[in-house]
Amino acid sequence: MGPKPEELGRWREAARISAEARRAGARAAVPGARRRDVAEAIESVIRSAGAEPAFPANLSRNHEAAHYTPSPGDDALLEAGDLLKVDVGAHLDGAIADTAVTVEVGGGQRHRHLRDAVHDAVEAGIGEVRAGVRVDDISRAIERAIHAHGLKPIRNLTGHTIERYLLHAGKAIPNAAGLSADRLEEGEIVAIEPFATNGAGMIENGPFGNIVRFRREPDDAGPVAGGWYRRFKTLPFTLRWVPPSEQKEFGKVRRHLQTYAVFVEQGGGLVAQEEHTVLVGSSGGEVLTR
Ligand code: MN
Ligand code: MN
């Protein structure tokens, strides 16, 4: 189920802000930059534009595919040649956009084929989007585009429909054919997000990536957890966003939270990703995050 027509303006605006934040993140990702500063720059673009991050800026590097955001004390620096996924989202009153690009830090061309593969794949997938389309047609186009570069799609990462306050709603958009029996409906919002790798083509859980969320409103969890819930609802958040005095409460609140692991490539391969949020129209998809 997509947003009502009168709500579409908010979705478009959230998408415009997300794209601006994605571009700012890509510009800030230079050799020697602190990964935490890049994340904070992205989130500050979103907040300055009057939106809120829909999730912490994901800055996953090399064989990390997704779900890493810097911790409050992360002082890691980006290095020339790092393959960095800049995956960002903004929301306005629950209207969410989700978009990503992969940069090679320092602007070199070592990983050009990985970046080209996901760029071709996201465009091929978007090219299939229209009301009534089989999701499998989108998945097949994505897989084909990645194979054409001699790489593999990551089979257990998918795009997704988006609903109000729900980043991953009912339908998954796989990056390989034969995995979905769904069709898209007019007015739905979908994130198309191919991942390509020179590794095994599957991810597995790595260490905690500093991203958490409430599955539901916590009952009787104390003032800190209650405050976090009022602020973040069920959207993903991170300790960088709360005051240091509250960061100390994390151990106590943790049992109310879903914690996300970094997704790492099973074969240790390098991973690239590109992502756009798309409105499903009667005869095509409208990319909201250009
Ligand atoms: Mn997504
Ligand atoms: Mn994303």
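Predicted model: local features only at pLDDT ≥ 70, side-chain atom pairs only at ≥ 80, totals over all residues.
Features are local only where pLDDT is at least 70, side-chain atom pairs count only at pLDDT 80 or more, and totals for chains, interfaces and linings use all residues; side-chain values use heavy atoms, without hydrogens and water. Residues are numbered from 1 along each chain as its sequence is written, while chains are lettered from A and ligands numbered from 1 in the order in which they are written.

Reader: How do β4 and β5 run, and how many bridges join them?

Author: Strands (E, at least two residues) are DSSP runs numbered from the N terminus, and two strands pair if DSSP finds at least two bridges between them. Here, ten bridges join β4 (residues 83-92) to β5, and the two run antiparallel. They form a hairpin with two residues between them, and Asp93 in the turn has a positive phi of about 50°.

Reader: Is β5 buried or exposed?

Author: Buried means under 20% relative accessible area, exposed over 50%, and partly exposed in between (1.4 Å probe, protein chains only). Ten of the ten residues of β5 are buried, so the strand is largely enclosed by the rest of the structure. One side carries Ala95, Ala97, Thr99, Val101 and Val103, and the other includes Asp98.

Reader: Which residue bridges the two manganese ions?

Author: Asp98 bridges ligand 1 and ligand 2, which lie 3.3 Å apart. The protein donors of ligand 2 are Asp87 (OD), Asp87 (OD), Asp98 (OD) and Glu275 (OE), at 2.1 to 2.4 Å.

Reader: Which residues lie nearest the centre of the largest pocket?

Author: Rolling a probe the size of a water molecule over the atoms shows where empty space is left. A pocket is an open set of points on a 1 Å grid over the protein atoms alone, where a 1.4 Å probe fits, with protein on both sides within 12 Å along at least five of seven lines; lining residues have an atom within 4 Å of a point. The largest pocket is lined by 26 residues, with His67, His160, Leu167, His168 and Tyr260 nearest its centre.

Note on methods:
Donors = N, O, S within 2.8 Å, 3.2 Å for Na, K, Ca; no water. Helix = DSSP H or I, 4+ residues; strand = E, 2+ residues; numbered from the N terminus.
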